[in-house]
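This report covers the sheet, the nonpolar cores, the aromatic pairs and some local features of one structure. The sequence and the coordinates are shown first.

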Amino acid sequence: MSDASVLETDVAIVGAGPAGIAAAVAARAEGARTLLLDSAPRPGGQIWRHRDPAQLPASGRRWIERLSGSGAEWIHSANAIDLPAPGVLIAEREGRAFTIRWRSLVIATGATERLLPFPGWTLPNVFGVGGLQALLKAGASVAARRVIVAGSGPLLLPVASSLAAAGATIRLVAEQAPALRVYRFAGALWSDPVRLAQAARYRAGFRRARYRCGTWIVRVDPVGSALSVTLTDGRRIWTDRTDLVAVGYGLVPDVRLARLAGCSIASGCVAVDRSQRTSVPSVFCAGEPTGIAGADSAVAQGRLAGAAAAGARRTGGAASRARRFAARLDRAFALRPDLRALPDPATIVCRCEDVSLGEIGEGWSARQIKLYTRAGMGPCQGRVCQPALEFLRRTGADAVRLPLFPAPVGLLADHANRDEGDS
Amino acid sequence: MPELVEFTVDGVTCRAAPGTSLAAAMLDAGVTAFRRSRTGEPRGPVCGMGICFECRVAIDGIAHRRACLEPVRAGMTVRTGE
Ligand SMILES: Cc1cc2nc3c(=O)[nH]c(=O)nc-3n(C[C@H](O)[C@H](O)[C@H](O)COP(=O)(O)OP(=O)(O)OC[C@H]3O[C@@H](n4cnc5c(N)ncnc54)[C@H](O)[C@@H]3O)c2cc1C
Ligand code: FES
């Protein structure tokens, strides 16, 4: 077929983070034609997001060099939006759809940050924790700005330390989990020298900032161009002034594409075997969608997945180690019920459609919420409000609605016509 | 120091280092309200990675582009408040 909007490959990989990059390199090493796509303009995913490779840690630089020398086809700025049939992936780039025909698919879509609503969370200058870090890596300047970092999970520490290194004044790092559980978790890292060294470095990086466990943001109010942040430790309430707030409540595996493919999902994670095979034939999964376990695990899983997707017999324990780590993480940083009481009825829950919590009836299912209020029907397709509502209202995950990213109206139909016309 | 690229936001000329994302460049230029929500609230970037769609602006006349996914380019014209 001469139509440039249909690409053929042996192994298609969605997501160019550590998992997808390692998978592409491994699949090429087995001699398979390999295609890697990502919505970002450069490979690297969350942790190796960069403007200039010189900014990367050595391992990230090495993997990105390996990728560019591997002969894998790299398609940037493209969103995977649909899997209409086995062997077919539809992606969108700059408003145009194209088809990728594959023999094996590797899903390496990473994780997204869990954002929880509280009064003021929609104000400009209130970011996600990973969000502010991503903007910093994309070139934003935080020099001399005051920042409060809050929320939960091990991401708070490296982000606070990179903000401090970029010249920001860290007013406070507020971790909602109680100190005892956080320290027990950190203690367990003794068994993992790499992670322990990392933890020590992060702590050293922002020694002068305060790290308070059992502390969370209650609300944020604008004061001129600054922000007034109300915090509590459950006993005392106080306010602090800041320029920027970074607040995020941990990472959620991005299992949307996997769900669309029909892969079985257990406790929010894609189920895989020792070759990273999912429950669907020829569909593999690697990295954070199988459980939040960090970049090293993503690389290990990606290598297995890429080789197996290319037809090699490869097995390993990376996925089960990741599941164990993810479970420990979940226990240590379990969200306190107090956070459910933060939004008031007027607080917006769905930022795309401006649906407030008060509009959502108690006990509604995810489907009812969408039907009656349009929450989750906006351009982010529920990526932000769905994890929030799962926590606030204990709604289950809803079936994925097509397409995964909002496609311009008529794009899919257009595409079908073009396909016919050009063949 | 690499040459800065010039772009405009709502007619105002701004400068940024090449390779900077448009969202980062706009924040550095002091822009915080990228779009207006359905009820008219000002909104700015949250996720920095293409997920939340709060950083939407019009770029060179094309509406609803996510500023966090666009590297800033010389001569870009950006409109906020859509
Ligand atoms: C915002 C954020 C910041 C983080 N910062 C750190 C950090 O500083 N240190 C740390 O140790 N860990 C960090 N993490 C954890 C991080 O997820 C892992 O360490 C590591 O990056 C996981 O690798 P991965 O390959 O599984 O996923 P990722 O690195 O997340 O890569 C997944 C890629 O898939 C792409 N993608 C997803 N869906 C689609 C689609 N439908 N179409 C096209 N492309 C798609 C994404 O654009 C992304 O580039 C962060 C996570 C997040 C969410
Ligand atoms: S900041 Fe979230 S999509 Fe751009």
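## Basis and conventions

Two strands are taken to pair if DSSP finds at least two bridges between them. Helices (H or I, at least four residues) and strands (E, at least two) are DSSP runs, numbered from the N terminus.

This is a predicted model, in which local features need pLDDT of at least 70 and side-chain atom pairs count only at pLDDT 80 or more, while totals for chains, interfaces and linings use all residues. Residues are numbered from 1 along each chain as its sequence is written, chains are lettered from A and ligands numbered from 1 in the order in which they are written, and side-chain values use heavy atoms, with hydrogens and water left out.

## Chain A overall

Chain A contains 12 helices and 23 strands. Of its 423 residues, 57% are buried, where buried means under 20% relative accessible area, exposed over 50% and partly exposed in between (1.4 Å probe, protein chains only). A contact means heavy atoms within 4.5 Å. Among the contacts in chain A with a separation of 6 or more, 65% join residues 24 or more positions apart.

## The five-stranded sheet

Five strands of chain A form an open sheet in the order E10-E17-E11-E12-E13, with parallel pairing. Its edges are strand E10 (126-127) and strand E13 (211-213) of chain A, each of which pairs on one side only. Helix H3 (residues 129-137) of chain A packs on this sheet and touches E10, E11 and strand E17 (244-249) of chain A. The direction of H3 makes about 125° with that of E17(A); axes are lines fitted to C-alpha atoms, for helices over the stretch in contact, and angles run from 0 to 180 degrees between N-to-C directions.

Within the sheet, strand E11 (residues 146-152) and strand E12 (residues 169-175) of chain A are joined in the parallel sense by six bridges. One bridge links A:Ile148 to A:Leu172 in E12(A).

A:Asn125 is in the loop between strand E9 (111-113) and E10 of chain A, and is buried at a relative accessible area of 10%. Its C-alpha lies 6.4 Å from that of A:Val245, although the two are 120 residues apart in sequence. Not counting residues up to four places away in sequence, A:Asn125 touches residues including A:Asp243, A:Val245 and B:Thr32.

## Nonpolar cores

A nonpolar core is a set of buried Ala, Val, Leu, Ile, Met, Phe, Trp, Tyr and Cys residues joined through side-chain atoms within 4.5 Å. The largest has 55 residues, and those with the most contacts inside it are A:Val149, A:Leu163, B:Phe7, B:Leu22, B:Met26 and B:Phe34. Helix H1 (residues 22-28) of chain B provides the largest share, six residues. Domain 1 (6-112 + 252-328) and domain 2 (115-249) of chain A both contribute to this core, so it lies between them; the domain bounds come from an automatic or database domain assignment.

Leaving aside neighbours within four places in sequence, A:Leu163 contacts residues including A:Leu132, A:Val149 and A:Ile170. Another core, of 42 residues, lies apart from the largest one and includes A:Leu115, A:Trp121, A:Val349 and A:Phe391.

## Aromatic pairs

Rings of Phe, Tyr and Trp (its six-membered ring) pair if their centres lie within 6.5 Å; planes under 30 degrees apart count as stacked, over 60 as edge-to-face and the rest as tilted. Over all chains there are three aromatic pairs. A:Phe185 and A:Phe333 pair edge-to-face, at 5.4 Å centre to centre and 75° between the planes. A:Phe185 belongs to helix H5 (residues 179-188) and A:Phe333 to the loop between helix H9 (318-332) and strand E22 (348-350) of chain A, so the pair ties together parts 148 residues apart in sequence.

A:Phe185 is buried at 10% relative accessibility, and A:Phe333 is buried at 11%. Together with A:Phe325 these two residues form one aromatic cluster. A:Trp364 and A:Tyr372 also pair edge-to-face, at 4.9 Å and 80°; A:Trp364 is partly exposed, at 24%.

## Strand E1 of chain B

E1(B) pairs with strand E2 (residues 12-16) of chain B in the antiparallel sense over five bridges, with B:Phe7 opposite B:Cys14. Two residues separate these strands in a hairpin, and B:Asp10 in the turn has a positive phi of about 50°.

## Helix H11 of chain A

Seven of the eight residues of helix H11 (residues 385-392) of chain A are buried, so the helix is largely enclosed by the rest of the structure. Its buried residues pack against strand E18 (251-253), helix H7 (256-261), E22 and helix H10 (366-373) of chain A.
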